[in-house]
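Trainee: Please take one part of this model and go through it closely for someone who has not seen it before.

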Amino acid sequence: MKNLSLPIRFGIVTSAILIAYFLILSLMGKHTNVFYSLFNGIITGFGIYETIKYSKLRLGKDFSYSKGFMAGITTGFVATLLFTIFFAFYSTELDAEFLNELSEVWAKDYRNFEGIVFFTVAIMGFATTLVLTLSFMQLFKTSNNPKK
């Protein structure tokens, strides 16, 4: 559990930043524009990058690809899970019309539109986490090439 404390803390902070960004967009009335959700990837990416960087600094020579990968995945999954829970709470309890505003066409055609949106938010977060973690680990992994 000691090895997961840093990624969990970074995941909580990352989710708090994602929630704050969403609420700021909500105050400006821009939260129904899906284009602004692209910045979520940047926020998540920054959290994952910082987690891997600090894990490498903390572990020093004990840092391995698998430890860095686990740190990044844990951070992203915690952030995604907490943000998805907040998103579900916001769209069902705080602003019941949000999902209808988000997509008027889809909301009429599907019975479980809320579930589809929550599932999509979670899958997008998990996919972003996986891709960014794999990308950042290319920067932090140790080389097996002999030094000249």
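Mentor: The lining of the second largest pocket draws at least two residues each from helix 1, helix 2 (38-59) and helix 3. Helices here are DSSP runs of H or I, at least four residues long, numbered from the N terminus. The model is predicted, so local features need pLDDT of at least 70 and side-chain atom pairs count only at pLDDT 80 or more, while totals for chains, interfaces and linings use all residues. Residues are numbered from 1 along each chain as its sequence is written, and side-chain values use heavy atoms, with hydrogens and water left out.

The second largest pocket has a volume of about 200 Å³ (the space filled by probe spheres set on its grid points, joined across faces, edges and corners). Eleven residues line this pocket, and Asn3, Leu4, Ser55, Leu59 and Lys67 are the closest to its centre. A pocket is an open set of points on a 1 Å grid where a 1.4 Å probe fits, with protein on both sides within 12 Å along at least five of seven lines; lining residues have an atom within 4 Å of a point. Six of the lining residues are nonpolar, two polar and three charged (Asp, Glu, Lys and Arg count as charged; Ala, Val, Leu, Ile, Met, Phe, Trp, Tyr, Cys and Pro as nonpolar; the others as polar).

Of the contributing helices, helix 1 has 24 residues and spans 35 Å from first C-alpha to last, close to the 34 Å expected (1.5 Å times one less than the number of residues). Its buried residues (under 20% relative accessible area, 1.4 Å probe, protein chains only) include Leu6, Pro7, Phe10 and Gly11. After helix 1 comes glycine 29, with a positive phi near 75°.

Note on methods: Buried means under 20% relative accessible area, exposed over 50%, partly exposed in between (1.4 Å probe, protein chains only).
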